[in-house]
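This report covers a fold, a core and a chain-chain contact. The sequence and structure come first.

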Amino acid sequence: MDRLVFLLATGLARGLVVALFALSLVIVWRAARLVNFAQAAVATVAVFAAFAVTGATGSFWAGLAAALLTGAAVNAAVERGLVRRVPQGSPLPGMIVAIGLVMVLQSALGIAFGPRHRPMAAPFDERPFVVGGVPLLSPYDLFVLTVALALVGLLAWLFNGTTLGLQLRASAAAPEVSRLLGVRVPRMVTLGWALSGAVAALAALLLVPTELGLNAHSADLLFVHAFTVAVLGGLDSPTGALIGGVLVGVLVSLVTGYLGAGVAPLAVLALLTLVLLVRPAGIFAAAQVRAA
Amino acid sequence: MTATRPAETEEIAVRDARCSDPRPARRLTPTQRILLRAVVLTLLAVAATFLLDPYRNYQLAVVAATFCATAGLTLLVGLTGQLSLGHAVLMAAGGYGYALAVNAASSAGLDGGGAAGAARVVLGLVGALVASGALGGLLGLAGARLRGPYLAGLTLAMVVALPALTTQVPALGGDQGLAVPFEGVPEVLSLLIVVEQWHAWVAIVVAALAVTPLAVLRSGRAGLRMRAVHGDETAARLSGVSPARVKVGAFVASSLAAGLGGAVLCLVTQSVGPGRYDLAFSLLLVVAAVVGGLGSLGGAAAGAALVVLLPWLVDTVTGAVGVPADLEQRLSGNLAVLVFGALLIVVTLAWPGGLARAAARRRHRPHRPRGRTDAPAAPPPPPASQPLER
């Protein structure tokens with residue numbers, strides 16, 4: 001029982017990180033109708049920037065700011081420089097370009113920093129609190145929970161409560177009409193990409209201290225999990241991403257705790273296959289959107 | 001709205017192909033012509049092994065094995081538009097199928113050389129076909145319901161989960177994988193050739209057996225259906241083509257070829273394990289298909305040679321130039337991947353159609369360009385310049 005509570009709590013914290021990353025995929029999907037397969041590589045570049053800045057200044061917060069800026073800048077550059085030039089009409093060229101970008105970024109990081117994992121310290125204690133004899137969340141987990149929930153709230157407010165959010169949603173849903181109404185659609189799309197890069201960078205930055213360390217492939221698994229989450233919740237639905245993220249996080253945590261770490265990727269694959277085969281429309285998304 | 005254009009152009013490309021087909025000088029059907037070309041190319045490749053030293057012959061065998069997978073992938077992506085990032089896993093399925101069948105055969109008494117060895121290899125290839133065909137069928141069923149990013153994501157998750165699967169299932173031998181018995185040179189040939197050359201021969205013949213059916217499929221009715229489904233699913237359905245059946249069929253055909261490639265790789269390296277078939281290798285297969293030109297089998301061969309030889313070339317050059325050991329370790333593997341990634345981007349954005357289109361253009365410069373690569377990124381030339389007859 002104690003174990004179950006502990007695993008659920010850990011799963012919640014990990015799941016929120018995955019949910020954040022999935023949210024970044026949802027933002028790109030809403031802005032440009034494509035899944036950014038390069039998101040993990042971009043996030044890893046941002047975490048390396050954070051690592052360098054934290055190493056130089058000694059401040060975790062400076063590193064965090066650097067990660068957010070780098071993630072946004074790289075993704076905006078990717079959108080302006082590459083994605084905009086991709087032939088439209090089929091998702092295939094966009095995916096292939098993203099895969100090429102993954103290879104370029106990861107191998108460049110590998111050449112620059114070598115293959116070893118660099119340990120990255122968490123800004124808070126990682127030992128869990130013990131409540132009534134049961135180890136629960138650590139201060140760092142609480143920090144992750146707070147940041148993730150705050151960010152989700154912020155994004156919800158941005159998209160639903162501001163004029164900018166309205167323009168972002170409008171230019172994604174009906175670019176032609178939005179342009180006629182005076183929305184600068186290309187700028188909105190770039191902004192969506194930048195926003196998504198910052199969110200992805202934050203998710204990767206929160207994840208890395210709890211893992212083996214930082215190297216070029218640190219965020220690969222995060223991407224696979226986040227993709228599963230985005231499909232589970234529906235690529236169009238932020239709420240779905242949030243709920244799906246927690247579900248996947250708890251599933252991975254439980255499977256790792258009871259069956260061993262080796263089974264977790266299989267569980268994620270099984271879940272993804274099941275969702276895609278039984279309900280390819282996703283659980284929270286409108287079906288006709290997925291057909292596009 | 002945009003979907004009608006590729007369908008139109010493809011239809012014209014196909015019609016064009018038909019009206020230029022019956023050349024009275026040669027009374028061969030397209031299938032016969034493909035078979036003839038396959039035999040000639042196979043004989044040429046076998047002859048070429050005599051010019052190579054043993055290590056080059058080993059590399060040639062690896063290229064031939066990779067060619068099986070890239071040919072399957074290029075057919076799948078180029079003709080049906082389904083992007084699979086998991087062809088390495090299909091190769092692995094073939095390799096494991098081969099290893100399990102061969103090991104079962106040798107424990108059942110089929111060991112030693114000669115006829116027993118040949119029978120064992122054939123059984124192994126059948127095992128590879130069964131394993132990769134079954135997995136490909138399942139994936140195809142998933143792919144028939146999914147489009148675009150979903151299939152790519154599913155296959156990506158599959159590649160990531162492969163090491164976990166091999167550790168969890170005891171019959172697959174964990175991280176070490178499975179070893180298979182050594183296949184020596186048959187006695188008749190043992191004075192003439194060494195084992196690497198023999199393996200290259202086997203690889204070439206299996207590659208021919210894997211790729212020729214794909215070429216026949218591509219040029220025939222099945223290829224037409226695949227293009228129709230890719231161009232416009234609704235229109236295809238209205239014309240009586242079942243998109244689901246076509247997609248599953250294409251996926252299975254592609255998987256069978258990849259499985260044979262995995263079997264050859266297993267035979268040549270005498271083992272199969274999860275380490276070789278990681279995400280990086282899977283992406284290299286995509287690179288080979290794209291750089292060669294999506295939909296083109298010749299391009300797939302060139303791409304396979306590129307992805308096998310370039311990493312080796314980079315290692316050789318960095319070793320010869322004498323860069324510091326630390327930097328050499330970092331460059332090893334990474335530099336080639338950097339080049340491949342850049343190639344992938346450049347080819348998709350600036351040079352759609354890849355090597356195959358470039359070669360076709362060079363060959364037919366006086367006439368109209370004939371890059372029939374069928375990639376959506378590379379629509380055939382505008383219909384205005386085509387001889388229309390209706």
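Which residues does B:C68 touch, not counting residues up to four places away in sequence? The partners of B:C68 are B:A207, B:A210, B:V211, B:A257, B:A258, B:L260, B:G261 and B:V264, where a contact means C-beta atoms, placed from the backbone, within 7 Å.

The model is predicted: local features need pLDDT of at least 70, side-chain atom pairs count only at pLDDT 80 or more, and totals for chains, interfaces and linings use all residues. Residues are numbered from 1 along each chain as its sequence is written, and chains are lettered from A and ligands numbered from 1 in the order in which they are written.

B:C68 is among the residues that touch the most other members of the largest nonpolar core, together with A:V47, A:A203, A:A204 and B:V264. This core has 226 residues; helix 1 of chain A (residues 2-32) supplies the largest share, 17 residues.

| Property of chain A | Value |
|---|---|
| Secondary structure | 12 helices and 2 strands |
| Box of C-alpha atoms along the principal axes | roughly 65 × 45 × 35 Å |
| Buried share of the 292 residues | 51% |
| Contacts joining residues at least 24 apart, among those at least 6 apart in sequence | 72% |

A residue is buried if 20 or more other C-beta atoms lie within 10 Å of its own. The radius of gyration of chain A, over C-alpha atoms, is 19 Å, which agrees with the value near 19 Å for a compact globule of 292 residues.

The contact between the chains takes 41 residues from chain A and 39 residues from chain B. Helix 6 of chain B gives the most to the chain B side, 15 residues. That side divides into 28 nonpolar, 9 polar and 2 charged residues.

Note on methods: Contact = placed C-beta atoms within 7 Å. Helix = DSSP H or I, 4+ residues; strand = E, 2+ residues; numbered from the N terminus. Nonpolar A, V, L, I, M, F, W, Y, C, P; charged D, E, K, R; others polar. Core = buried A, V, L, I, M, F, W, Y, C linked by C-beta atoms within 7 Å. Buried ≥ 20, exposed ≤ 12 C-beta atoms within 10 Å, placed from the backbone. Rg over C-alpha atoms; globule rule 2.2 N^0.38 Å.
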